[in-house]
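Subject: Structure handover

Hi,

Here is the structure you asked for. My notes on it follow below.

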Amino acid sequence: MDTLAILKRGPVMPVMVIQSVDEALQVTRALLDGGINTFEITLRTPAALDGVREMVKAFPDALIGVGTVRNADQLDAALQAGARFAVSPGLPAALLPALAANKVPFLPGVATPTEAMNAFDAGFAAQKLFPAEAVGGVPLLKSLHSPLPDIVFCPTGGIHAANAATYLALPNVACVGGSWLAPAELVKAGDWQGITTLAAGALAQAKQ
Ligand code: 3PG
């Protein structure tokens, strides 16, 4: 499966920052129940890799990727844990040899036209616009479409229930990502039903 096919599995991709394996499993179950089947687990917490390992075992039908990949060691560890794709806030040159060697679907982060063109030339036609709202959001994506019609984006960073649909209506947006689908306050409260409801609502809204 290539990166674009992964983005097209669903219009919204949760970006999960997990504090424990148990939390990862509960949140994933809740999101799956809401209809979401593709997940980005960020490598920002000590529990992240163990979480990925257990999620892969517990939910074989879910597509589990890792995010915030900044170097080759992290990529290797993520793949060993069973991650099926990788996401980064950027495209550090040091990652390129590891990406070429592993052939793992990869979503590089870009924030400018030059970065988007460089990533495209490196073989990445599907890209993460990050941090989407801060770097120009919907107007930026509209402006990029005409000169760069062959680049497809997954904007993340500042996306939430109220603006997701506006992004998804753009011809160069395949899906949107973000942490709003598993908000810290619901996770902390163990409100798994609340997360399921949020996920189902986001999918319903995206389909309109
Ligand atoms: C990411 O890691 O992709 C973003 O930090 C998610 O941003 P958000 O928390 O604004 O959704």
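Strand β1 (residues 12–16) and strand β2 (residues 38–42) run parallel and are joined by two bridges. Val15 has Glu40 as its bridge partner in β2. Two strands pair if DSSP finds at least two bridges between them. Helices (H or I, at least four residues) and strands (E, at least two) are DSSP runs, numbered from the N terminus.

Before you go further, two points on provenance. This is a predicted model: local features need pLDDT of at least 70, side-chain atom pairs count only at pLDDT 80 or more, and totals for chains, interfaces and linings use all residues. Residue numbers start from 1 along each chain as its sequence is written.

**Sheets**

β1 and β2 belong to an open sheet of six strands. The order is β5-β4-β3-β2-β1-β9, with parallel pairing. The edges are β5 (106–107) and β9 (176–178); each has a single partner strand, so one side of each lacks a neighbour in the sheet.

An open sheet of three strands has the order β6-β7-β8, again with parallel pairing. Here β6 (109–110) and β8 (152–153) stand at the edges with a single partner strand each, so one side of each is left without a neighbour in the sheet. Two bridges join β6 to strand β7 (residues 126–129), and the two run parallel. Val110 is partnered by Leu129 in β7.

**Overall**

The protein has 11 helices and nine strands. Its C-alpha atoms fill a box of roughly 45 × 40 × 25 Å along the principal axes.

**Helix packing**

Helix α3 (residues 48–58) packs with helix α4 (residues 72–81) at an angle of about 30°, with the axes 8 Å apart. That makes α3 roughly parallel to α4 (angles under 35 degrees count as such). Axes are lines fitted to C-alpha atoms, for helices over the stretch in contact, and angles run from 0 to 180 degrees between N-to-C directions. Leu49, Val52 and Arg53 in α3 meet Ala77, Ala78 and Ala81 in α4 (contact: C-beta atoms, placed from the backbone, within 7 Å). The residues of this contact are five nonpolar, no polar and one charged.

**Ligand shell**

Around the ligand are Val15, Thr42, Gly67, Phe130, Thr156, Gly157, Gly158, Ile159, Gly177, Gly178, Ser179 and Trp180 (C-beta atom, placed from the backbone, within 6 Å). By class, that shell has four nonpolar, eight polar and no charged residues. Gly counts as polar here.

**Backbone**

Most residues other than glycine have a negative phi, and most peptide bonds are trans. Phe130 and Pro131 are joined by a cis peptide bond, with omega about -15°. Pro131 sits in the loop between β7 and α7 (132–135). Thr68 has a positive phi, near 55°. Thr68 lies in the loop between β3 (63–67) and α4.

Conventions: Angles under 35 degrees count as roughly parallel, over 145 as roughly antiparallel, 65 to 115 as roughly perpendicular and the rest as oblique. Two residues are in contact if their C-beta atoms, placed from the backbone, lie within 7 Å.
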